[in-house]
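I opened this notebook to keep track of what I looked up.

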Amino acid sequence: MTSRRCGQLVVARLPEFTEEDVTVPEWSTIRIRHNFVLGALATHRATLRVRLFEDRIEVWFTDKPELSCERLRGRNQRRADYRHHDLVADLKAWRLRAVRLS
């Protein structure tokens, strides 16, 4: 027996991701949901679109992906993506500085 009071159940699909717009300050660190992300963001003072998935974040600039990394949970955590640095040049500079100090 069906009841006439119950209407048809409407089920909406959950979104795969949510989007936010963030502005990149001079030091290339963006703040996303109370967490900090440092990456290869060469777009100072530009507005980026951030896609927040359940397990990762994607940072987009002009419809091109700039950065993709694991999503941070909680507050005031930090994620640094150092792939954009020239590690060999940094190591040489560190060694040169150590030689000058000794």
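**Entry 1: the faces of E4.** I began with E4, which has a covered face made of Leu 48, Val 50 and Leu 52. Its uncovered face holds Thr 47, Arg 49 and Arg 51. I am reading a predicted model, where local features need pLDDT of at least 70, side-chain atom pairs count only at pLDDT 80 or more, and totals for chains, interfaces and linings use all residues. Residues are numbered from 1 along each chain as its sequence is written, and side-chain values use heavy atoms, with hydrogens and water left out.

**Entry 2: the whole chain.** I listed the elements next. The chain has one helix and seven strands. Helices (H or I, at least four residues) and strands (E, at least two) are DSSP runs, numbered from the N terminus. Read from the N terminus, the order is β-β-β-β-β-β-β-α.

I then looked up burial. Of the 102 residues in the chain, 25% are buried. Buried means under 20% relative accessible area, exposed over 50%, and partly exposed in between (1.4 Å probe, protein chains only). The accessible surface of the chain is about 8600 Å², and 52% of it belongs to carbon and sulfur atoms. Such areas come from the Shrake-Rupley method with a 1.4 Å probe; for residues, only the protein chains shown count as cover.

I also checked contacts (heavy atoms within 4.5 Å). Among those between residues at least 6 apart in sequence, 42% join residues at least 24 apart.

**Entry 3: the sheet.** Which strands sit beside E4? I found an open sheet of four strands in the order E1-E4-E5-E6, with antiparallel pairing. Strand E1 (18-23) and strand E6 (64-70) stand at the edges with a single partner strand each, so one side of each has no neighbour in the sheet. Neighbouring strands here are turned by 25 degrees against each other on average, direction ignored. For such angles, axes are lines fitted to C-alpha atoms, for helices over the stretch in contact, and angles run from 0 to 180 degrees between N-to-C directions.

I looked up the pairing rule: two strands pair if DSSP finds at least two bridges between them. Six bridges join E1 to E4, and these strands run antiparallel. Glu 19 has Arg 51 as its bridge partner in E4. On to the next pair: strand E4 (residues 47-52) and strand E5 (residues 56-61) are joined by four bridges and run antiparallel. In E5, Leu 52 is partnered by Ile 57, and Arg 49 by Trp 60. A hairpin of three residues connects E4 to E5.

**Entry 4: salt bridges.** How many salt bridges are there? I noted six. The rule asks for a side-chain nitrogen of Lys or Arg within 4 Å of a carboxyl oxygen of Asp or Glu.

One of them joins Glu 19 and Arg 49, at 3.6 Å from N to O. Glu 19 lies in strand E1 and Arg 49 in strand E4, so this pair ties together parts 30 residues apart in sequence. Glu 19 is partly exposed, at 38% relative accessible area. Arg 49 is partly exposed, also at 38%.

Glu 19 also forms a salt bridge with Arg 51, with the closest N and O atoms 3.0 Å apart. This pair links strand E1 with strand E4 across 32 residues. Arg 51 counts as partly exposed at 22% relative accessibility. Salt bridges that share partners join Glu 19, Asp 21, Arg 49 and Arg 51 into one network.

I noted another pair: the side chains of Asp 55 and Arg 56 meet at 3.7 Å, N to O. Arg 56 is partly exposed, with a relative accessible area of 29%.

**Entry 5: the rings.** I counted one aromatic pair. Phe 17 and Phe 53 form it, tilted, at 5.0 Å centre to centre with 50 degrees between the planes. Rings of Phe, Tyr and Trp (its six-membered ring) pair if their centres lie within 6.5 Å; planes under 30 degrees apart are stacked, over 60 edge-to-face, and the rest tilted.

Is Phe 53 buried or exposed? Phe 53 is buried, at 7% relative accessible area, whereas Phe 17 is partly exposed at 27%.
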